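Work through the exercises below with the model open beside you. Try each task before you read its solution.

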Amino acid sequence: ATDSSPLAKVHDLINLSLYLYRRAFGLLIGYSAWLLLPIAASFLVVLTLENTQIGDVLLILLNIATFVLAVWVTITITIVSADLLFKDPVKPGLVAAKTRARFFPVLCVVIFVGIIQLVGFLLLIIPGIILSVWYGFAQAEAILNEKTLLTALSTSRELCRGRFGDVLWRFFGGELMLVAIYLAI
């Protein structure tokens, strides 16, 4: 069954994001700050072990750690954002437990969708854009609704059915608006 509820406007989504950051800036930045650890370590490796085999191996391991940590942080911030939006109190212990429980299924979704999108973009740009829109909700479905890989993919595709252009605009319109604001500043 296709969800036919109206989609939020891009500026409403941006306002909602700003609301979340105003409401819990410290908490969201605190979770995001964890990503600085492997990035700082990579910087130190480049400075101290540049052009060595050990340095190259460490950089590969740190890139993998950054990817894994980015997935972890994304899950955590998504769960916290949902709690904030639905006025539930954020309980760090519960957030950590939910993140742990959802990590592997979400990691599978992220890797699989990434491969699908890469193949789509390698074929031509248009298939990559289509696949990005179709499966753009898969990660959120895996996090918020605890869907498995195939269920998250099919649900994401169903959410886009009949409103591809609207979803495309919301995925990329917000980013374009933010880039315009940054460029204007």
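**Exercise 1.** Which residues of H2 are exposed on the other side of the helix?

*Solution.* Start with the ground rules. This is a predicted model, where local features need pLDDT of at least 70, side-chain atom pairs count only at pLDDT 80 or more, and totals for chains, interfaces and linings use all residues. Residues are numbered from 1 along each chain as its sequence is written, and side-chain values use heavy atoms, with hydrogens and water left out.

Step 1: find helix H2, residues 36-49. Helices (H or I, at least four residues) and strands (E, at least two) are DSSP runs, numbered from the N terminus.

Step 2: apply the cut-offs. Buried means under 20% relative accessible area, exposed over 50%, and partly exposed in between (1.4 Å probe, protein chains only).

Step 3: read off the exposed residues. They are Leu36, Leu37, Phe43, Leu44, Leu47 and Thr48.

**Exercise 2.** Why do the buried residues of H2 line one face of the helix?

*Solution.* Step 1: list them. Pro38, Ser42 and Val45 are buried in H2.

Step 2: look down the axis of H2. The buried residues fall within an arc of 60°, so they line one face. The arc is that of the directions from the helix axis to the C-beta atoms.

Step 3: recall the general rule. An α-helix has 3.6 residues a turn, so residues three or four places apart point the same way.

Step 4: find the partner. The buried residues of H2 pack against helix H3 (53-85). Contact means heavy atoms within 4.5 Å.

**Exercise 3.** At what angle do H5 and H8 pack?

*Solution.* Step 1: locate both helices. H5 covers residues 125-134, and H8 covers residues 164-184.

Step 2: take the axes, lines fitted to C-alpha atoms over the stretch in contact, with angles from 0 to 180 degrees between N-to-C directions. The angle is about 90°, and the axes are 10 Å apart. That makes H5 roughly perpendicular to H8 (65 to 115 degrees).

Step 3: name the contact residues. H5 gives Ile129, Ile130, Ser132, Val133 and Trp134, while H8 gives Phe164, Val167, Leu168, Phe171 and Phe172.

**Exercise 4.** Is Ile129 buried or partly exposed?

*Solution.* Step 1: check its area. Ile129 has a relative accessible area of 26%, so Ile129 is partly exposed.

Step 2: check its neighbours. Leaving out residues up to four places away in sequence, Ile129 touches Phe121, Phe164 and Leu168.

Terms used. Angles under 35 degrees count as roughly parallel, over 145 as roughly antiparallel, 65 to 115 as roughly perpendicular and the rest as oblique. The expected span of a helix is 1.5 Å times one less than its number of residues.
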